[in-house]
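Hi everyone, thanks for making time for this. Have a look at the sequence and structure on the screen, and I'll walk you through the packing.

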Amino acid sequence: MQNYAETIRHLLKRHATGLAVACVAGAGILALRRWLAGGVCRSKVRLDGKTVLITGANTGIGKETALDMAKRGARVILACRDMTRACIAAEEIRQQSGNGNVVVKKLDLASLQSVRDLAKDVEENEGRLDILINNAGIMMCPKWKTDDGFEMQFGVNHLGHFLLTNCLLNLLKKSTPSRIVIVSSLAHEKGSIDFDDIHLDVDYQRETSYRQSKLANVLFCKELASRLQGTGVTVYSLHPGVIRTELGRHLLPTLALWQRILVTPIMMLIKSPSAGAQTSIYCAVDESQANASGLYYSDCAPKKPAPQALDDAAAKKLWDLSASMVGLA
Ligand SMILES: NC(=O)c1ccc[n+]([C@@H]2O[C@H](COP(=O)([O-])OP(=O)(O)OC[C@H]3O[C@@H](n4cnc5c(N)ncnc54)[C@H](OP(=O)(O)O)[C@@H]3O)[C@@H](O)[C@H]2O)c1
Ligand SMILES: *[C@@H]1O[C@H](CO)[C@@H](O)[C@H](O)[C@H]1NC(C)=O
């Protein structure tokens, strides 16, 4: 026994540096793996007999979220603007989930008419709506306008979803307990709402516009939750993680070659769309969050958003402005 302890002590002494390096490397790999994996939604909840609508579900995070909802047995509506890509995605989801109840409906969030048409179709033809996932998004595009003359990122990411959600509220209220999930982003942290120049006409910057639209998502969640208190409809906003999707499609072509080369190894490290769907899935189904509403999530857990996303007065002001812009006031 004495000898054994002696040997260990001797070994530790001789290989101290090597052991320290191994420990640090081990801890590093564990941390990296944890960071790469992010949160995972472990809920086994089934959604048989329930209906889920997901915007922008033909690719990326939305498609993976739709696949998960289909595997749980829900009727899944993919609300997409590109019907060809949406039909291909729907067929893939039907095959991978073994759930035939996956349908496609046309939705272009850059057109209020398209939003109203989709909402009318759903209201008239669907018996219920249990989960609405506002997932579609556009990032850092040039200074573009929607059909109604809104700045594109604010128009699609916020205003289109604002109108869609409001138009679907009756059906959601008839289907309680029901949930509204709003996919925002970490980008909201550097955002501010430019109430004096909401379209950023004076000085359009694509990052500023994206951040404003994602901050609007978190503020919308907060205000909507307070308006829906006691109705049985709960609301969640979230950051999905940094995920390998097509979101960079407007940004990447504008980068210089050296910037693109720098970005390549990062692209290989960042998470897959199925990892990116976990927090959306968590907010949509996890039993532990059934009574939570108005919170912001990251890695399958509530997280405190930036201070400007907790501003009640700004949330109300944004609601009133949005309502008048989309003609709801
Ligand atoms: N990827 C990330 O690292 C990351 C990080 C933070 C937050 N997010 C958020 O995650 C959400 C999903 O993005 P993603 O990463 O999965 O990107 P993505 O692969 O580009 O998917 C975006 C989806 O939104 C749809 N969309 C865009 N404009 C639309 C419009 N006018 N009407 C209807 N649908 C429209 C796209 O449809 P088309 O294919 O027809 O264009 C596509 O289905 C977004 O809200 C994004 O802001 C992503
Ligand atoms: C939610 O509230 C209901 C009613 O008060 C309660 O029965 C249930 O246990 C709560 N669920 C959670 C996860 O807190």
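Let me start with a question: which residues in the largest nonpolar core touch the most other members? They are Leu53, Leu132, Leu168, Leu172, Ile180, Leu224 and Val235, in a core of 54 residues. By nonpolar core I mean a set of buried Ala, Val, Leu, Ile, Met, Phe, Trp, Tyr and Cys residues joined through side-chain atoms within 4.5 Å. Buried means under 20% relative accessible area, exposed is over 50%, and partly exposed is in between, with a 1.4 Å probe and protein chains only.

A word on conventions. This is a predicted model, where local features need pLDDT of at least 70, side-chain atom pairs count only at pLDDT 80 or more, and totals for chains, interfaces and linings use all residues. Residues are numbered from 1 along each chain as its sequence is written, chains are lettered from A and ligands numbered from 1 in the order in which they are written, and side-chain values use heavy atoms, leaving out hydrogens and water.

Where do its residues come from? At least two residues each are supplied by strand E2 (75-80), helix H5 (112-125), H6, strand E5 (178-183), helix H7 (206-227), strand E6 (233-239) and H11. The largest share, eleven residues, belongs to H6. For the labels, helices (H or I, at least four residues) and strands (E, at least two) are DSSP runs, numbered from the N terminus.

Take isoleucine 180 as an example. Setting aside residues up to four places away in sequence, isoleucine 180 touches Leu132, Asn134, Thr165, Leu169, Leu172, Leu224, Leu228, Val233, Thr234, Val235 and Tyr236. Contact here means heavy atoms within 4.5 Å. There is also a second, separate core of 34 residues, with Leu47, Cys80, Ala86 and Ile133 among them.

Axes are lines fitted to C-alpha atoms, for helices over the stretch in contact, and angles run from 0 to 180 degrees between N-to-C directions. Angles under 35 degrees count as roughly parallel, over 145 as roughly antiparallel, 65 to 115 as roughly perpendicular and the rest as oblique.

The axes of H6 (residues 152-174) and H11 (residues 312-325) come within 10 Å and cross at roughly 85°, so these two helices are roughly perpendicular. On the H6 side, the contact is made by Phe154, His158, Leu159, Phe162 and Asn166, and on the H11 side by Leu318, Trp319, Ser322, Ala323 and Met325. By class, that contact has seven nonpolar, three polar and no charged residues. In this scheme Ala, Val, Leu, Ile, Met, Phe, Trp, Tyr, Cys and Pro count as nonpolar, Asp, Glu, Lys and Arg as charged, and the others, Gly among them, as polar.

How do H6 and H7 pack? Their angle is about 20°, with the axes 7 Å apart, so the two are roughly parallel. Residues in the contact include His161, Phe162 and Leu169 of H6 and Tyr210, Phe220 and Leu224 of H7.

On to the aromatics. The structure holds five aromatic pairs. Rings of Phe, Tyr and Trp (its six-membered ring) pair if their centres lie within 6.5 Å; planes under 30 degrees apart count as stacked, over 60 as edge-to-face and the rest as tilted. Tyrosine 236 and tyrosine 297 have ring centres 5.8 Å apart and planes at 55°, so that pair is tilted. Tyrosine 236 sits in E6 and tyrosine 297 in strand E7 (residues 295-298), 61 residues apart, so to speak a link between distant parts of the chain. Both tyrosine 236 and tyrosine 297 are buried. The peptide bond from threonine 176 to proline 177 is cis, with omega near 0°, and proline 177 lies in the loop between H6 and E5. Methionine 140, which is not a glycine, has a positive phi near 50°; at 15% relative accessibility, methionine 140 counts as buried. Cysteine 300 also has a positive phi, about 55°, and lies in the loop between E7 and strand E8 (301-302).

That's my tour, and I'm happy to take questions.
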